[in-house]
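Subject: Handover of a structure and findings

Dear colleague,

Please find the structure below, followed by an account of what was found in it. I would be grateful if you could read the account with the coordinates open.

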Amino acid sequence: MLEKKVFVWEPWFFVAFGLFHLHRIWGLIDRISYAKFWIGILENKGIFYFVLMGILAILCILGIITFVKNKRINYWWRWIYLFGGVYLLFDLFAIAIGLEFWNNLLLWMFDVTSIYWNVIWLFFILLGGFTFILGIKLLVQRKR
């Protein structure tokens, strides 16, 4: 009989992604420095960019593999691996190849004069809070 299991890395996956999204609180506090920092990272594609994107890609691939390998006994939250992972891998791919419409979308997202600024970044902050709390919940569940 197959048994549902929370793997040791899974809570940390959600904690890491949660913290990554929660850092966007900075964007609500100081739009200009936040946008300048991330646009600079995206345009320069230095070591920080490649390390961060590599970590995110590896985590997404690991999550998708876990989802597929456990398709008969998945927890509801593993669907996040599938949908979130595919989205993020597309995002990384689109940035890497310089997909024009994606670059325009990113520039729009980092437009500090946009009336949608708070809506966009608040969405990501809420997503981060949700995934962070899920990660903590899974840590507690795993220790039982």
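**Overall architecture**

The protein has seven helices and zero strands, and its elements follow the order α-α-α-α-α-α-α from the N terminus on. Please note that this is a predicted model. Along the principal axes, the C-alpha atoms fill a box of roughly 55 × 30 × 25 Å.

Of the 144 residues of the protein, 42% count as buried. Among contacts with a separation of 6 or more, 70% are accounted for by residues 24 or more positions apart.

**Surface and charges**

The accessible surface of the protein comes to about 9,100 Å². Carbon and sulfur atoms hold 73% of that surface.

A nonpolar surface patch of about 490 Å² is formed by Phe37, Ile47, Phe48, Val51 and Ile55. Helix H4, which spans residues 47-69, supplies the largest share of this patch, with four residues. Phe48 is located in helix H4. With a relative accessibility of 43%, Phe48 counts as partly exposed.

**The salt bridge**

The structure holds one salt bridge. In this salt bridge the side chains of Arg78 and Glu10 meet, at 2.8 Å from N to O. Arg78 lies in the loop between H4 and helix H5 (79-97), while Glu10 belongs to helix H1 (residues 10-22), so the pair ties together parts that are 68 residues apart in sequence. In general, side chains of opposite charge can pair when their charged atoms come close.

Are the two partners buried or exposed? Arg78 counts as buried because its relative accessibility is 0%. Glu10 likewise has a relative accessibility of 0% and counts as buried.

Phe17 is placed in helix H1. Its relative accessibility of 11% is under the 20% limit, so Phe17 counts as buried. Which residues is Phe17 in contact with, leaving aside its neighbours within four places in sequence? They are Leu56, Leu59, Cys60, Leu88 and Thr131. Phe17 and Gly135 are 118 residues apart in sequence, and their C-alpha atoms are 9.1 Å apart in space.

**Two loop residues**

Ile115 is situated in the loop between helix H6 (100-109) and helix H7 (117-143). With a relative accessibility of 73%, over the 50% limit, Ile115 counts as exposed.

Lys45 is found in the loop between helix H3 (31-44) and H4. The phi angle of Lys45 is near 45 degrees, a positive value in a residue other than glycine. As a general point, most residues other than glycine have a negative phi. Lys45 has a relative accessible area of 28% and is therefore partly exposed.

Yours sincerely

Technical notes:
Residues numbered from 1 in each chain as written. Predicted model: local features only at pLDDT ≥ 70, side-chain atom pairs only at ≥ 80, totals over all residues. Heavy atoms only, no water. Buried < 20%, exposed > 50% of the residue type's maximum accessible area, 1.4 Å probe, protein only. Contact = heavy atoms within 4.5 Å. Areas by Shrake-Rupley, 256 points an atom, 1.4 Å probe, with all protein chains shown as cover. Patch = residues over 30% accessible without salt bridge, like charges linked within 9 Å, V, L, I, M, F, W, Y side chains within 5 Å. Salt bridge = Lys/Arg side-chain N within 4 Å of Asp/Glu carboxyl O.
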